[in-house]
Amino acid sequence: MAKLDPADLPLEHPDPRGYRVESADGDRMIISVGPHHPSTHGVLRLILELEGERIVNCVPEIGFLHTGIEKTAENLTWQQAITVIDRMDYLSPLSNNLAYVLAVEKLLGIQVPERARYIRVLMVELQRIASHLVWLGTTILDMGLQSGFFYAFDIREGILDIFEEVTGARMNPSYIRVGGLANDVPDNFVPMVQAFLDRFPKRIAEIQSILDDNPVFLDRLRGIGKISKDKAIAYGLTGPNLRACGIDYDVRKAFPYCGYEEFDFNVPVGTNGDAYDRYRVRIQELYESHKICMQALKRLPAGDWQIPDRKIVRPPKQEVRENMEALIHHFKLVTYGFDVPAGEVYQSVESPRGELGYYVVSNGKNKPWRVRTRPPAFYNVFTIPEMVRGELVADLVAVVATIDPVFGEVDR
Amino acid sequence: MKPEALSERLVGRFPEGVEAMDTPFDIPQFRVAPAALVDVATYLKELGYSMLLDVGGVDYYPRSPRFEVVYHFLDMKRHARVRLRCVLDDERPEVPSLTGIWPSANPAEREVYDLFGVVFTGHPNLTRILMPYDWEGHPLRKDYPLKGPREKLEARFAAEKNRFHAPKLAGER
């Protein structure tokens, strides 16, 4: 049998994205970075058009992690959908939980008890720290330094231990539920978080000490991947990436939810919109989140952690065993769920990646009619071409790393 | 800008294209005729709604007209949002593209096209974005089956057809 020559085979699916070399003299080269490449932080394919080592054009290709989460959520009950929504942004599942749950609660007209609200804020801010630490660790690794990666992941481990203690799961905890929380925090929660928070600033300073005076690290970030304010807005950039351009927009301040207006924190803002500013802004956000956590922990009120409405939240197990009515409520909630009044609502939160919004449509039944996500990373990824145009190929790594994309969320 | 004032301005300026809707949850919303969409969006940008937050599709099947495209705009300075909802024709779901005004509409509209089959006229590169590009059908439509005959189809990217990773033949090292 003749040997198969790949070049002789017909290209069955020519790339329909219409990518072609535009240079007439043909001295440009096309290379494809990804979808499996350590520096793309997931499954992102970037088609680069190069002139020498300069990037002339860049086309991101996504969809490799598409799992149809929005479609799946339409076929689960309101409460069940939380579990798949968790898996969108797998580095920050609690932000997803929170945005979706707040949207559903808005439709239902529910106000959760104080304690639930504080625990939500505390957990989401811990999640932001954990997510930023993953970003920090991988960015350090991409810039060629190894030890910082282990420092960052070691700190994150402390947060995951807290999550395990509280929710039973390290990742994808599905902890924030419609009407409150999945369960109350355990007795050792406060000392555990306090111990973590007490050590935290020192440990971040430790990581900073190996970065801030490191000429290799700084040279690889300073002035790289600049984007102007106007372009950032036009491309829908949000979160730390937008604030690095000098725009003071944070959903927690602009459209406070979950009682964020009661907390005292600053919104760090950059000036140049380059990779270095994105790094600075995120580092400062770690300290700001730490501040919010300290306040929330200090003021953590006692009391109920879910609403008393048995039509929405499950009765405690002991009650189910002793009380007929509680058993009926339990049965109804498990088999059918609850109806949500018809309507549509948009609720957004500040996720570690930017404005994470849910446009939820209800038709009055026990399942969501449509759960549209506004994934911040989706829009952030499509600003990469704008940032890398004219840069060197090696700087692409710095740009992708500081954008902090999460492809579970981009592709959903 | 207060919702009433915005409503007055928009409906006053586009009496035929814009219809004010109830605003039960904070965000003022308007029904916009697809023909008037680009003009309304341009006007919103002039009013200070500088960011196109999101473009999403909704399928209200079996209701007719079934498709709706929903736009969220954000005014970053005054912290205000506005929502535009376009009801589309069943047979030819078409709406003009906003890529000329906001580049962020480019990937978002591709996604709506991919998952709902809504055509954005004037879009520079209206191709699939999340699904494989040879996919048939639009998965987020309500009449798209969750399970179906596709399960039984052979894998489309069969290894022997892959020109970059051709399998080794029997006996070949």
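Predicted model: local features only at pLDDT ≥ 70, side-chain atom pairs only at ≥ 80, totals over all residues.
Let us start with a sheet in chain A. Three strands make up this open sheet, running in the order S1-S2-S3 with antiparallel pairing. Strand S1 (29-33) and strand S3 (54-61) of chain A sit at the edges with a single partner strand each, so one side of each has no neighbour in the sheet. On average, neighbouring strands here are turned by 20° against each other, direction ignored. If you look at S1(A) and strand S2 (residues 45-51) of chain A, you will find 5 bridges linking them in the antiparallel sense.

Next, follow chain A to helix H6 (residues 189-211). This helix has 23 residues and spans 32 Å from its first C-alpha to its last, close to the 33 Å expected at 1.5 Å a residue. Along the way, H6(A) bends by about 40° at Phe200(A), with a proline, Pro201(A), following within four residues. Phe200(A) is also one of the buried residues of H6(A), together with Val193(A), Ile204(A) and Ile207(A). An α-helix has 3.6 residues a turn, so residues three or four places apart point the same way. What do the buried residues of H6(A) pack against? Their partners are helix H4 (114-142), H5 and helix H11 (275-299) of chain A.

Most residues other than glycine have a negative phi, and most peptide bonds are trans. Asn172(A) has a positive phi, near 45°, and is not a glycine. You will find Asn172(A) in the loop between helix H5 (147-167) and strand S4 (176-177) of chain A. Asn172(A) counts as partly exposed because it has 18 C-beta neighbours inside 10 Å. Asp404(A), another residue that is not a glycine, has a positive phi of about 60°. Its loop lies between helix H16 (393-403) and helix H17 (407-411) of chain A. Is Asp404(A) buried or exposed? Asp404(A) is buried, because 26 other C-beta atoms lie within 10 Å and 20 or more are enough to count as buried.

Finally, turn to chain B for its cis peptide bonds. One joins Tyr61(B) and Pro62(B), with omega about 5°. Pro62(B) belongs to the loop between strand S3 (51-59) and strand S4 (67-75) of chain B. Another cis peptide bond links Ser64(B) to Pro65(B), with omega about 0°. Pro65(B) is likewise placed in the loop between S3 and S4 of chain B.

Note on methods:
Residues numbered from 1 in each chain as written. Chains lettered and ligands numbered in written order. Pairing = 2+ DSSP bridges. Helix = DSSP H or I, 4+ residues; strand = E, 2+ residues; numbered from the N terminus. Axes fitted to C-alpha atoms, helices over the stretch in contact; angles between N-to-C directions. Buried ≥ 20, exposed ≤ 12 C-beta atoms within 10 Å, placed from the backbone. Expected span 1.5 Å × (residues − 1). Bend = angle between axes of the 7 residues up to and from the residue. Contact = placed C-beta atoms within 7 Å.
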